Amino acid sequence: MTDPLTWQFWQQWTTAPHPSDVLLSLQHSGQLALLPELAALQETPQDPHWHPEGNVWVHTLHVCNQAADISR
């Protein structure tokens with residue numbers, strides 16, 4: 001995994017078939033802490049009535065993948 005603060009990382013993320021995999025690898029490697037705005041999404045709840053998938057982090061993972069699907 002490249003450093004999330006580099007252009008190469010963001011190129012990888014924007015061209016990945018499943019961008020959520022790239023974000024999850026940041027989470028699992030501990031590098032997500034380098035991007036506190038994204039890390040905070042893990043602790044941001046959503047109303048389960050409207051978002052049964054979970055917190056804003058999980059929602060963002062789904063949205064990124066859907067955006068990639070739409071762009072193809």
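Predicted model: local features only at pLDDT ≥ 70, side-chain atom pairs only at ≥ 80, totals over all residues.
Local features need pLDDT of at least 70 and side-chain atom pairs count only at pLDDT 80 or more, while totals for chains, interfaces and linings use all residues. Residues are numbered from 1 along each chain as its sequence is written, and side-chain values use heavy atoms, with hydrogens and water left out.

Start with the aromatic rings. The whole structure holds two aromatic pairs. Rings of Phe, Tyr and Trp (its six-membered ring) pair if their centres lie within 6.5 Å; planes under 30 degrees apart are stacked, over 60 edge-to-face, and the rest tilted. Phe9 and Trp10 make an edge-to-face pair, with 4.8 Å between centres and 90 degrees between planes. Trp10 also pairs with Trp13: the centres are 5.4 Å apart and the planes stand at 80 degrees, so this pair is edge-to-face. Trp10 and Trp13 both sit in helix H1 (residues 7-15), three residues apart, about one turn of the helix. Helices (H or I, at least four residues) and strands (E, at least two) are DSSP runs, numbered from the N terminus.

Burial divides the first pair. Buried means under 20% relative accessible area, exposed over 50%, and partly exposed in between (1.4 Å probe, protein chains only). Phe9 is buried, at 0%. Trp10 is partly exposed, at 28%.

Next comes the helix packing. Helix H2 (residues 19-29) packs with helix H4 (residues 56-71) at about 145 degrees, the axes 7 Å apart. Axes are lines fitted to C-alpha atoms, for helices over the stretch in contact; angles run from 0 to 180 degrees between N-to-C directions. From H2, Pro19, Ser20, Leu23, Leu24 and Gln27 meet Trp57, Leu61, Cys64, Asn65 and Ala68 of H4. By class, this contact has seven nonpolar, three polar and no charged residues. Here Ala, Val, Leu, Ile, Met, Phe, Trp, Tyr, Cys and Pro count as nonpolar, Asp, Glu, Lys and Arg as charged, and the others, Gly among them, as polar. Take Leu61: leaving aside neighbours within four places in sequence, Leu61 is in contact (heavy atoms within 4.5 Å) with Ser20, Leu23 and Leu24.

Leu61 is also part of the largest nonpolar core, which has twelve residues in all. Such a core is a set of buried Ala, Val, Leu, Ile, Met, Phe, Trp, Tyr and Cys residues joined through side-chain atoms within 4.5 Å. Among its members are Phe9, Leu23, Trp57 and Cys64. H2 and H4 each supply at least two residues of this core. H4 gives the most, with four.

Where does charge pair up? The structure holds one salt bridge (a side-chain nitrogen of Lys or Arg within 4 Å of a carboxyl oxygen of Asp or Glu). Arg72 forms the salt bridge with Asp69, the closest N and O atoms being 2.5 Å apart. Arg72 is exposed, at 59%. Asp69 is partly exposed, at 41%.

Two single sites remain. Ser25 lies in helix H2 and is partly exposed, at 25%. Thr44 lies in the loop between helix H3 (36-39) and H4. Thr44 is partly exposed, at 32%. Leaving aside neighbours within four places in sequence, Thr44 is in contact with Asn55 and Val56.
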